[in-house]
Structures are given as structure tokens and as C-alpha cells.
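Dear colleague,

Please have it open while you read.

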Amino acid sequence: MSVRKAIIPVAGYGTRFLPATRSIPKMMIPVLDRPAIHFAVDEATRAGIEHVVFVTSRGQEAVSRYFDRIPDLEQALKRKGDERALEQMLEISDMVETSTVVQEHPLGLGHAVLIAREAVGNEPFAVFLPDDLIWSDSPTISAMIELFSRYGSSVVAVNEVPEEMVSSKGVIAPVAIDERVSRIEAMVEKPAREDAPSRLAIIGRYVLTPDVFDALERVQPGALGEIQLTDAIAMLLPTNKAYAYEFPGTYFDLGTPLGLLKASIHVALQSEDISEELREWISEVL
Ligand code: UTP
């Protein structure tokens, strides 16, 4: 079963990144030299996704513009003879076909996904929360699409988190069925610590069946008064199985300044051009 489309919601206020997010979309803040959104779209395209639907708020045009052609810049790089930069620019604009829907008010992740319904149509789709960066050899979403094809049901990515974090996450009750794979028996968004059914928290990668849209139409506001995607998937559990994938790789939360800094350092340490100087500097300042 192929998954051709992905929804990437970026319409939140990004309050944990104030004051930068007063005027810059959170996902345009760079991890080293490329905006956070680049990594999510790159993962999607490496997994064969053909079309990305951005859910943005007004004033966030920079997110989709990043993937457009920039003829003036291309000409300038050509004139300079900077073939390498030109190639990189063309790679970005050729990455994937995109469209945008506007969420007027951030009523929750579930609401953001629902308003992309028309753009997706009646077919399975992926959801990426670009705040969640998973650094791994092969795209996490590829493994999830494979599981989706095997089981024919929705798949969410999960990660074991410390107990003190469960109340800020969606948490699942798992029944292990294979290495790294569980069937989800129940799921709950932002449970009180004592009510959390496990420490397996949902991380922002989903492969979903289109009937999740129907559930989102019916679901009532939940945690934080928002329409929650977790609640819609949970609503379908009695009739539609759902699965969880414990992904390998290193996870970074780009939604917080510290998480983004860690990711930048991680990426910089892999970069031939700067890793040596960075290592020297870190050992000097420590
Ligand atoms: P977050 O919970 O991280 O919210 O949303 P946020 O507004 O981005 O950041 P904070 O918590 O205020 O610092 C997870 C993802 O879902 C999107 C966000 O843009 C982010 O990519 N989202 C959330 C929407 O697009 N719409 C919403 O109504 C809520």
C-alpha cells in the first residue's frame, strides 16, 4: 500500500521559542544551517512521499516559500560560477510538490490535520510534526509505511520517555507483538503521571487511514481544550486496530531551545567542514 501524501502542521504559536517566534515561524529557525522544516520534508521525500500539505497560520508563508524556486538567486549563483550552491538550491526546490491550507486559529493538532482533509482525499496519509527530529540511517516513516502495508492499520511512532515527561505527551498502552512493534490497546493525551498506561510516548510521526478524518469530525476538545489527534485515533480503536513503532535512532525535540541546540551540535559534529574546530572549541570552554 503506498502512502503518497503527508500533512505537516506548523500553525502553532511556538510559545516555547518566544521571543524569536514573534515574527519568525518556529520551523524556520535553523538546525545549524537549514531550517527545521527542511529535515521533516527531507525525511518524507526519502520515504517516497510525493505531496506535502503544510498547515500554516497567516504570516507563515516563509515555510512553503522555502521550497519554491528562486530564479534571481539561481541566476546570481550561475553568474558567480557557484555550481555547488546552485545544485543545492535546485535540490531543495525540486524536493517535493507542496500545497498549503491555513488554520485560522490553533485549535489543536487534530484540528490542523482535519482541515487538510480535502487536500489529502480518501487515501492513507502520513503526519509529520517537524518539531520532532529523528536522526537515523533510514527514514523512520519508511519503516512505518512498511508496517502500515503489513497490518493495514494506522501506525504511530513511540519512544520511551522519563516518567516526569508522560504528562506532556500522548501515551499508549502497548501489547508487544514483534521487535519494536506493539498493538495499541489504549492511548491517552497528556495523562496525569499516575494514570499513564506506560512510558511509551507518541513522537510526531503517524501513518493513518483516512477514517481518522471522520473521527476528527466527531471528537470533542480534550487536553488543553484542543482537538487532539490522539483522541481521534483512540476513538477508532474498538473497531480499527492501531500499531506503535519504537523507532531506532537519536531523537531531538526541536520545539525547545535546548533541544534545537543539541540537534545543531549533533549535526555540526557530523559535518566534515566544522566538526574538528567545534570539538576543539567545546573542549576549551568546558
Ligand atoms: P506544539 O504542541 O509543539 O505547539 O505543536 P506549538 O504552538 O508549536 O509550540 P509551543 O508548545 O507553543 O511552544 C506540535 C505541532 O503541531 C502544530 C505546531 O505548529 C507544531 O508543529 N500545531 C499545533 C498546529 O499546526 N495547529 C495547532 O492548533 C496546534
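A residue is called buried below when its relative accessible area is under 20%, exposed when it is over 50%, and partly exposed in between, with a 1.4 Å probe and protein chains only. Please keep in mind that this is a predicted model, in which local features need pLDDT of at least 70 and side-chain atom pairs count only at pLDDT 80 or more, whereas totals for chains, interfaces and linings use all residues. Residues are numbered from 1 along each chain as its sequence is written, and side-chain values use heavy atoms, with hydrogens and water left out.

Aromatic pairs

Rings of Phe, Tyr and Trp (for Trp the six-membered ring) are paired if their centres lie within 6.5 Å, and a pair is stacked if the planes are under 30 degrees apart, edge-to-face if over 60, and tilted otherwise. This rule gives 5 aromatic pairs. One of them is the tilted pair of Phe39 and Trp135, with 6.4 Å from centre to centre and 50 degrees between the planes. Because Phe39 lies in helix α1 (residues 36–46) and Trp135 in strand β7 (residues 132–135), this pair ties together parts that are 96 residues apart in sequence; helices (H or I, at least four residues) and strands (E, at least two) are DSSP runs numbered from the N terminus. Phe39 counts as buried at 13% relative accessibility, while Trp135 counts as partly exposed at 29%.

Phe125 and Phe213 form a stacked pair, 4.5 Å centre to centre with 10 degrees between the planes, and this pair links strand β6 (residues 125–128) with helix α8 (residues 211–218), 88 residues apart. Phe125 is buried, with a relative accessible area of 0%, and Phe213 is buried with a value of 0%.

A buried loop residue

Leu237 sits in the loop between α9 (229–236) and β12 (242–246) and is buried, its relative accessible area being 15%. Leaving aside residues up to four places away in sequence, Leu237 touches Ile184, Glu185, Ala186, Met187 and Ala242, where contact means heavy atoms within 4.5 Å. Between Leu237 and Ala186 there are 7.4 Å from C-alpha to C-alpha, although the two are 51 residues apart in sequence.
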